[in-house]
Amino acid sequence: MNMDDKIQNMAIPEHVAIILDGNGRWAKKRGLPRSLGHKEGCVTVEKTVEDAARLGIKYLTVYGFSTENWKRSADEVGALMQLFRYYMVRLLKVAKNNNVRVKMIGDRERFDQDIIEGINKLERETKDNTGLTFVIAVNYGGRDEIVRAVRHIMKDSKEGKVSAEDMNQEVFSSYLDTAEIPDPDLLIRTSGELRLSNYLLWQLAYTELYVTDCYWPDFNMDELKKAVAAYNNRDRRFGGVK
């Protein structure tokens, strides 16, 4: 039985999150500048959105730019911002062609105004699409997200909108960037690194982790199917006993 036949008989995770790592190393291996690795990585993102939708995945979240990525060289950050501007236009076409709803999580206020407007346009013009929900984490960090949520809760508490007695996990989750999005069932990390890198720290509490040595630009449908196959071999107990 080949992989295509196996996938038809497998449970497809509702929400897949990806740490798309290895763009720079992919470029270095080929004697190319890091910026070309990031550009090729964007092409892979487009293909993965289409592949995920084809498999029946409902939510796909990718780590596009972290709160820590600002520490990189000014040249690399500048190149990433220009790539992001270009990619938002491309992504709008991909989303419309594939009935994809796009959502951005993270603190977008640090970006230049034209990028903020581009993000808002992406969300606005795809909000009624009914297929895959594609979530991009930009200027995102798990700790930053939690701190922003606590600030919001403290403000609402001061205004009498929420009390200590009201607080539980569901209410707290509603203050996160991912409110109304189910927690990931499967996390994929490319390039072989074994860490969460400040990604979806609250949401990944019971997520199944899958790491591949494949650099992100080389990720494809076959790699995605391997991850789904590995997910099907896991026994998800959520802290209980079956």
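This is a predicted model: local features need pLDDT of at least 70, side-chain atom pairs count only at pLDDT 80 or more; totals for chains, interfaces and linings use all residues.
1. **Helices α3 and α4.** On the α3 side, the contact is made by Arg34, Ser35, His38, Lys39, Cys42, Val45, Glu46 and Glu50. Facing them from α4 are Glu76, Ala79, Leu80, Leu83, Tyr87, Arg90 and Val94. By residue class, the contact of α3 with α4 holds 7 nonpolar, 2 polar and 6 charged residues.

2. **Helices α3 and α8.** Helix α3 (residues 34-55) also packs with helix α8 (residues 221-232), at an angle of about 45 degrees and with 10 Å between the axes. The two helices, α3 and α8, are therefore oblique to each other. Their crossing, that of α3 and α8, is right-handed. Asp51, Ala52, Arg54 and Leu55 are the α3 residues that meet α8, and their partners in α8 are Met221, Leu224, Lys225 and Val228. The residues of this contact of α3 with α8 divide into 5 nonpolar and 3 charged, with no polar ones.

3. **Arg54, a residue of that contact.** Arg54 sits in helix α3 and is among the residues that meet α8. Is Arg54 buried or exposed? Its relative accessibility is 57%, so Arg54 counts as exposed.

4. **Helices α4 and α5.** Helix α4 (residues 74-97) packs with helix α5 (residues 113-126) at about 10 degrees, with the axes 10 Å apart. Helices α4 and α5 are therefore roughly parallel to each other. From α4, the contact takes in Met81, Phe84, Arg85, Met88, Leu91, Leu92, Ala95 and Lys96. From α5 come Asp114, Ile115, Gly118, Ile119, Lys121, Leu122, Glu125 and Thr126. The contact of α4 with α5 is made up of 9 nonpolar, 2 polar and 5 charged residues.

5. Val102 belongs to strand β3 (residues 101-105). With 3% relative accessibility, which is under the 20% cut-off, Val102 counts as buried. Which residues does Val102 touch, leaving aside its neighbours within four places in sequence? They are Leu91, Ala95, Leu122, Glu123, Thr126 and Phe134. Of these contacts of Val102, Leu91 and Ala95 in α4 and Leu122 and Thr126 in α5 also take part in the meeting of those two helices. Another pair to look at is Val102 and Thr67, which are 35 residues apart in sequence and 20 Å apart in space, C-alpha to C-alpha.

6. **Aromatic pairs.** The count of aromatic pairs comes to 9. One of them joins Tyr63 and Tyr199, a stacked pair with 4.3 Å from centre to centre and 15 degrees between the planes. This pair links distant parts of the chain, 136 residues apart: Tyr63 is in strand β2 (residues 59-66), while Tyr199 is in the loop between β5 (186-189) and β6 (208-211). Both tyrosines, Tyr63 and Tyr199, are buried. Elsewhere, ring pairs link Phe65, Trp70, Phe84 and Phe111 into a cluster. Phe84 is also one of the α4 residues that meet α5.

7. Most residues other than glycine have a negative phi. Asn139, in strand β4 (residues 133-140), has a positive phi near 45 degrees. Asn139 is buried, with a relative accessible area of 4%. Asn198 has a positive phi of about 60 degrees, although it is not a glycine. Where does Asn198 lie? Asn198 is in the loop between β5 and β6, the loop that also holds Tyr199. With a relative accessible area of 16%, Asn198 is buried.

Key. Residues are numbered from 1 along each chain as its sequence is written. Side-chain values use heavy atoms; hydrogens and water are left out. Axes are lines fitted to C-alpha atoms, for helices over the stretch in contact, and angles run from 0 to 180 degrees between N-to-C directions. Helices (H or I, at least four residues) and strands (E, at least two) are DSSP runs, numbered from the N terminus. Angles under 35 degrees count as roughly parallel, over 145 as roughly antiparallel, 65 to 115 as roughly perpendicular and the rest as oblique. A crossing is left-handed if the near helix is turned anticlockwise from the far one by less than a right angle, and right-handed if clockwise. Contact means heavy atoms within 4.5 Å. Ala, Val, Leu, Ile, Met, Phe, Trp, Tyr, Cys and Pro count as nonpolar, Asp, Glu, Lys and Arg as charged, and the others, Gly among them, as polar. Rings of Phe, Tyr and Trp (its six-membered ring) pair if their centres lie within 6.5 Å; planes under 30 degrees apart count as stacked, over 60 as edge-to-face and the rest as tilted. Buried means under 20% relative accessible area, exposed over 50%, partly exposed in between (1.4 Å probe, protein chains only).
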